[in-house]
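Let's take a friendly walk through this structure together.

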Amino acid sequence: MKIIVAIKQVPERDAQVRIDPVGKWIEELDVQFALNESDAYALEEALQLKEKHGGEVIVISAGPERAGQVIREALAKGADRGIHIEADDLGSRDALGVARLLAAAIQPENPDLVLAGLQSEDLGLGQTGVILAELLGFPHSSLILHVDVTAKGLKVKRELEEGWFQSIELPLPAVLAIQSGGNKLRYATLMGIKRAKTKEVRRASAGELGADASPVVILEGISLPQKQRSTQILPGSPKEASAALVEKLRFEARVL
Amino acid sequence: MSGVLVVIEQRDGAIGRISWEAVAAGKFLGTKIGVDVGAAVIGAATESAAAQLSAKALAKVVRIEHALLAQYTSDGYSLALEQFIAQDKPEYVIFPHTYQVRDFVPALATRFGEMLISDVIAIADGPVFARQLLQGRLQGSYRHTGTGPCLVSVQAGAFRADALEAGSAQVSRFTPALDAAQIRTRPEPPFRGSEQTIDLGSAQLIVSVGRGIKDAENLPLVQELAKALGAELAASRPICDNGWLPMERQVGSSGQTVSPRLYLAVGISGAIQHLVGMKGAQCIAAINKDPDAPIFEVADYGIVGDLFEVVPALTEAVKAAKG
Amino acid sequence: MLLPHATLAEPQHFSLAEKLIFLALIVASIAAFWRRFGAVLDKILKSKKDPGFRLFPIGRRVWDFFREVMCQARVIRQRPLPGLAHAFVFWAFCAFALVTLNHCATGFGGAFLDPAGLFGRFYSWLAAAFALACAIGIFGLFVRRFLVRPRWLGEDLSWESGLIALLIFVLMVTYLAAFFVTDTAPAARVLWWIHSLTLLAFLPVIPHTKHLHLVLSPFTIFLSRGGFSAIPSLAGDEDFGLVAGKDLTQIVSLQTYSCVECGRCSEHCPATNTGKLLNPKEIVLGLRGYLNEFGPASEESLIGKYVAQEAVFQCTTCGSCEFQCPVGIEHVPILVGLRRGAVNTGAWDDDHGGKLFLALERGSNALGLGAAERDKFIQRQELPIFDGSQEYCLWLGCMGGYDPQGREIIADFARVMSYLGTSFGVLRKEKCTGDPVRRLGNDLVFQQLAESNLETLQQNKVKKIVSICPHCVRTIQTDWKEFGTPPEIEHHSEFLARHLDKLGVSPVPRLEPGKEKIVYHDPCYLGRYRNIYDEPRRVAALAGDLVEAPRHRERSFCCGAGGGLAFLGEEKGERVSHARAAELAATGATTVAAACPFCNTMFRDALAATGDGAPQLLDIAQIAARGLPRGQPVKMNESL
């Protein structure tokens, strides 16, 4: 099975961020970057499928020079080769524009399966996988925790809300958006890093792929949220404090 | 192209709170830009949901109905809604940001050469849509510049559904042209994660209890709170060490690592071994009698007080809120 | 009364037949010896060469050889009575080298020591003195092994040991008996023959039993890598640690064949003592079994038939095995080497371990917490940021930066430094030193962390570091050297002890003089690894009277956290921390003084579990800070 995994390099989770002078993105020099978490799970799923059924795992990432780091990391963990779409202007493309770049690079590979992480940790739009499916003309399913290969294609376990799950069958080729937590991630090894040195990373520029860059949605600006995360101690009698807590959990934290 | 269309989600005729909030968001946007707001419901049997919607102050309610829409499929829903939007030509389409919406609306948007502005938490003049970036550390303002419909999904709790005005909307039907061959995925009925096995790792709500509970006899107090919330019960190491709760319920470096939406720590001081197991929670609330307990450093909300007084009060407050 | 003669009896005039029989027996004995010994030697020599092995500087080797082999220093110091008995056996063997040569030469009529001559008489009496001591010693050891039977010698009685003891005893007795007969007496000839036959029987027994150490261990000690628990650098692109037989180096092979199965390593091992699978002796013997079956060039995995993976990952790297070993086996590098082999190739699959590695692959600390949490602590505590102008860089470490208890230690130590007027600052960004991943054998992540930290330190022009964590100190000072030159570093106990005069004279050094009994727990990485025993005790003594736990200083018992085990989840069976905490509490101390934040965190729950009236737990920095003047908080920024 030929599997392509779309991965993204994102600012490290705990990075302290500052807004850049233009007010449209963060000051990237301050920040260290890492592989997006759900993409790591997508990669893990791909590697396990390969281990079970054979085939090839190709990772693809769009981004500037530094994004090469996550491609090498993926190769070290067991991917066979990489495709790096070199683009410094991703900030000016919307999710559709980025997905078009990826789709243009994926199409000629004729994959059996395309995996993407459910959602990025930076923009959090959570759409790339599904848009890719539409652009490639493949069926898809998202929030996937487990993948089984069947005679007819795939049977996947999809997460629903509030502790419910669902099994879905779909034919190949297909696109799956992988939810974090379905598998146990493997750690990078010294042996993997050494072996990765000889693996191929193909570079493609956005220009070559000829994808449309005009956005339909633009990020006008970014700002710090009004409330910084800090502990709110709720005062009053047990009854008052409890009522206040329930109110906060429902309408401020929105977790109930 | 005009008007706001809210597409709500229904299950067996029931409309969830987040869908009502999406209606509220649609009303808010409609009022802001001065256009009509309608609602649509998709399924094989939508009468009951449509009836509930029509009792609100909406310009219209549309039942997008077809036998092939009995079960949700991305292909079916995308095709049906694509046809309706092409005919109805709304300027804005508002969705609740549910798992279902996340699964099909990006594909639907792509068919129009558009992109979903997802997980919106506020709508400002413009309209400009605010959403969280970098997991809430920043907020971004998005504006639609495309020529087609603008698709937006709203986060749970971002708009208040309780202020929706009553009314009586005209209900109409739309029957999309669907063919079974167009639906490529085959969903099976939903199932619950096994009740027997304790799976704290995937639990969305967790109530966790620590040394502060003092005795195994006092556990029912916390169990009742967990039950009221619909939460899993967890514990810090000393509780499990004492055998008051099984080891599978232990959260921390030597137990489970959890990342629920809400982690409510009751009588837990917050030793590092415990903190590393629950730091991934989206929201942390803590009840502890010691205002200097380290748990308050990581908590979003805290109540300083005797858990034997606070927990019963909180259980009541939760029950009251859930009505 | 039977009195010895002045000279040793030596039979004269052997017949040709006797000579031929003797010669044939010698040949047979040497052949039997070589049959096994040659094979062992072959396995050792065919093992991989030790990369980076240097014979020079040879001074250390000569000194180690003199101390450990000739003087039997470790053998005696760690177990005085049996040690002394063993030493006499050893010394007697040395003395007998000449005697034995002469004895054999006699059989061919070529004796070169004249028993009546001045030197001959002196030497035979000297040898007799050793023979007597040896005979008593070996008898004592026999009694200990077969009648006293200490548990670390194992359940099964070793008949080999009995046979050897008997042979040695016979050798000594036949030698001594020759003083009671005359040269011409038939008894002299009988004694000579018994002595000879015993000798010729003894020789082939050596390589077939653990008594191989007689031959090998002097070399093992002379050739040891040196440096306590020294983890060797990986060499080349195909070295991932001890994966298969082909990775065993000559020194490791030599060590495995040198093991004398004395069980000292097991006696002090925290894992063995709490019922875990790991027994360091079995690891060494496992590798020996592997070499015997598969040989040194094998691709067969080392972890498998002879060595259990579970055991390998139960080691806390406390180093008590290596510290105790009388034949120079370096257990910790072997155990870490086996872990490296499993981790660097991805063969080790462990939920907690994987989580730790992933946390350190992308994050900054072993706890997997956000670096922002550390920033918050620094801000709240108003710790000065290191800017190159201060004397010390205060290294927080993962525990000091994130653990609520560790933070208390940092806060108190910072107060003490400010009080002393020592300028210091903390780094804005600091990553885990890599201690847990180093000991767990993840060389990739360790290298990333070491290099990143070395760069940060260089950018900030740090000259001196002080740390509250012995693991950080060890890793920075020793392990980072593979990747650069770390700044000078010391543990806070060393710093505090140096300033004791100023702390001691501050008001209220003792809260309740005479009432407080303090037991100090030696952290492995401060004691055995760094040889610091007195400094922390002097600081702890500020607040009360010191008492000692039964196992202390070099023989201190681990808390259970080292070797990355603090991050590997719940241990099986009895917890090491509980065993140690019970021992500390049983001293009747009111305070347990710790000098390592890992020990501290392990003992917190463990001491509470010892029941009511459990002693309080304080780091020595907290003890030192208790004596500082109260009421006028020391502002940290003002110290600059």
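Which elements of chain B do the buried residues of α5(B) pack against? They pack against β14 (205-209), β15 (232-235), β16 (262-266) and α9 (307-322) of chain B, where packing rests on contact, meaning heavy atoms within 4.5 Å. The names come from DSSP runs numbered from the N terminus: helices are H or I runs of at least four residues, and strands are E runs of at least two.

Before going further, a word on the ground rules. This is a predicted model, in which local features need pLDDT of at least 70 and side-chain atom pairs count only at pLDDT 80 or more, while totals for chains, interfaces and linings use all residues. Residues are numbered from 1 along each chain as its sequence is written, chains are lettered from A and ligands numbered from 1 in the order in which they are written, and side-chain values use heavy atoms, with hydrogens and water left out.

Back to helix α5 of chain B, which covers residues 219-229. Its buried residues are B:Leu219, B:Val222, B:Leu225, B:Ala226, B:Ala228 and B:Leu229. Here buried means under 20% relative accessible area, exposed means over 50%, and partly exposed is in between, using a 1.4 Å probe and protein chains only. An α-helix has 3.6 residues a turn, so residues three or four places apart point the same way. After α5(B) comes B:Gly230, with a positive phi near 75°.

Now step back to chain B as a whole. Nine helices and 18 strands make up its secondary structure, and its C-alpha trace spans about 65 × 40 × 35 Å along the principal axes. Chain B has 323 residues, and 58% of them count as buried. Of its contacts with a separation of 6 or more, 63% are between residues 24 or more positions apart. The chain exposes about 12,300 Å², with carbon and sulfur atoms supplying 48% of that area; the accessible areas come from the Shrake-Rupley method with a 1.4 Å probe, and for residues only the protein chains shown count as cover.

B:Gly26 sits in helix α1 (residues 17-33) and is buried, with a relative accessible area of 0%. Leaving aside neighbours within four places in sequence, B:Gly26 is in contact with B:Val4, B:Val6, B:Val37 and B:Ile94. B:Gln182, in the loop between β11 (170-174) and β12 (186-187), counts as partly exposed because its relative accessibility is 33%. With neighbours within four places again set aside, B:Gln182 touches B:Asp75, B:Leu79 and B:Ala177. B:Gln182 and B:Asp75 are 107 residues apart in sequence, yet their C-alpha atoms are 7.0 Å apart in space.

Next, look for cis peptide bonds. One joins B:Gly126 and B:Pro127, with omega about -10°, and B:Pro127 lies in the loop between β7 (117-124) and β8 (128-133) of chain B. In chain A, another joins A:Leu172 and A:Pro173, with omega about -5°; A:Pro173 is in the loop between β9 (164-170) and β10 (174-178).

Chain C brings us to packed helices. Two packed helices are described by the angle between their axes and the distance between the axes. The axes of α12 (residues 280-294) and α15 (residues 331-344) of chain C come within 11 Å and cross at roughly 70°. α12(C) and α15(C) are therefore roughly perpendicular to each other, a label for angles of 65 to 115 degrees, with under 35 counting as roughly parallel, over 145 as roughly antiparallel and the rest as oblique. The contact is made by C:Pro280, C:Ile283, C:Val284 and C:Leu287 of α12(C) and C:His331, C:Ile334, C:Leu335 and C:Leu338 of α15(C).

For a last stop, compare two residues of chain C. C:His13, in the segment before α1, has a positive phi near 45° and counts as exposed at 76% relative accessibility. C:Thr317, in the loop between α13 (309-312) and α14 (320-324), has a positive phi of about 50° although it is not a glycine, and counts as buried at 1% relative accessibility.

How values were computed. Axes are lines fitted to C-alpha atoms, for helices over the stretch in contact, and angles run from 0 to 180 degrees between N-to-C directions.
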